[in-house]
Amino acid sequence: MMLARVIGEVWATRKSPRMEGRKLLLVAALRKGQDAAMEPTGQVVVAIDTIGARIGHTVAVAWGSGARAVLAPPDNRSVLADAAVARIVDAVTLGNDDQPEYLE
Amino acid sequence: MILGRMVGTVWATRKNPRLGNLKLALVRPYFWYDPSHDVDHLVAVDQVGAEVGQDVIVCLGQPGRWAAGDFRCPIEASVAAIVDETRIARKSLSDAQARFALRQAFLPASLQWTEGDTMAEDRSR
């Protein structure tokens with residue numbers, strides 16, 4: 001999984017039946033910025049959303065075949081998606097417990 | 001998935017029999033997962049019926065291989081949807097570099113900038 005920020009949404013009417021009814025989000029991968037915050041990079045991916053992430057949320061995105069595991073079986077078998085929002089992130093810390101570095 | 005524009009069609013007479021009659025679309029991605037994949041095109045199986053000039057969503061890897069209903073197909077990318085509209089919130093791109101990357105990038109034809117952080121909830125089609 002990778003940390004990413006939701007930066008936008010994609011609307012599509014004509015889609016593969018295996019992607020029907022999925023909400024699509026544009027997420028940008030995050031990296032650690034200079035001022036102890038996670039910053040979005042230019043790497044932007046379309047991910048399906050099942051938990052109601054909104055623009056501005058930091059999310060963990062599951063990639064590849066693992067994206068299908070985000071959906072409940074048995075309908076996850078045939079889903080046409082290689083990226084899915086797995087969770088909405090509240091906080092990230094770096095380093096050990098003694099001196100955690102809090103990222104936004 | 002990746003957002004890209006369909007820029008052409010690939011025709012092939014001699015091909016792997018498992019590819020059958022699948023249409024092959026030439027897609028130019030707007031964004032990649034990783035800079036190391038930085039070529040400017042992608043050949044994807046199209047079962048949705050996209051046309052040249054349309055923005056499409058391309059599913060990569062193993063999930064994309066299932067598009068033909070057979071995991072043995074030599075497919076790595078398939079067109080999953082034709083995009084009507086893309087919205088990116090300007091505010092969410094706080095990083096100057098991300099803004100720069102988007103400004104320099106080849107941008108989606110369907111792109112609309114929005115200012116807000118949140119969107120109307122029930123616009124899913």
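**Figure 1. Chain A is built of strands.** The secondary structure of chain A comes to 0 helices and 7 strands. Read from the N terminus, the order of elements is β-β-β-β-β-β-β. The model is predicted. Along the principal axes, the C-alpha atoms of chain A fill a box of roughly 50 × 25 × 20 Å. Of its 104 residues, 47% count as buried. Among contacts in chain A between residues at least 6 apart in sequence, 55% link residues at least 24 apart.

**Figure 2. Confidence along chain A.** The mean pLDDT of chain A is 83. In this chain, 92% of the residues score at least 70. Strand β5(A), residues 83-88, has the highest confidence in the chain, at 91. Strand β7(A), residues 101-103, has the lowest, with a mean of 69.

**Figure 3. Strand β2(A) and its pairing partners.** Strand β2(A) spans residues 23-32. Strand β1(A), residues 2-15, pairs with β2(A) in the antiparallel sense over 6 bridges. Within this view, Ala4(A) has Ala29(A) of β2(A) as its bridge partner. Strand β3(A), residues 38-49, also pairs with β2(A), again antiparallel, over 9 bridges. Here Lys32(A) is bridged to Met38(A) of β3(A). Of the 10 residues of β2(A), 7 are buried, so the strand is largely enclosed by the rest of the structure.

**Figure 4. Surroundings of Val27(A).** Which residues does Val27(A) touch, not counting those up to four places away in sequence? The contacts are Ala4(A), Arg5(A), Val6(A), Ile7(A), Val45(A), Ala47(A), Val59(A) and Val61(A). Val27(A) is also one of the residues that touch the most other members of the largest nonpolar core.

**Figure 5. The largest nonpolar core draws on chains A and B.** This core has 61 residues. Those touching the most other members are Val27(A), Val46(A), Ala84(A), Ile57(B) and Val58(B). Strand β5(B), residues 77-89, supplies the largest share, 8 residues. In soluble globular proteins, nonpolar side chains tend to be buried together.

Figure 6. Chain B has 2 helices and 6 strands. From the N terminus on, its elements follow the order β-β-β-β-α-β-α-β. Of the 125 residues of chain B, 36% count as buried. How much of the contact set in chain B with a separation of 6 or more comes from residues 24 or more positions apart? Such residues account for 59% of these contacts.

Terms used
Residues numbered from 1 in each chain as written. Chains lettered and ligands numbered in written order. Predicted model: local features only at pLDDT ≥ 70, side-chain atom pairs only at ≥ 80, totals over all residues. Core = buried A, V, L, I, M, F, W, Y, C linked by C-beta atoms within 7 Å. Buried ≥ 20, exposed ≤ 12 C-beta atoms within 10 Å, placed from the backbone. Helix = DSSP H or I, 4+ residues; strand = E, 2+ residues; numbered from the N terminus. Contact = placed C-beta atoms within 7 Å. pLDDT = per-residue confidence, 0-100. Pairing = 2+ DSSP bridges.
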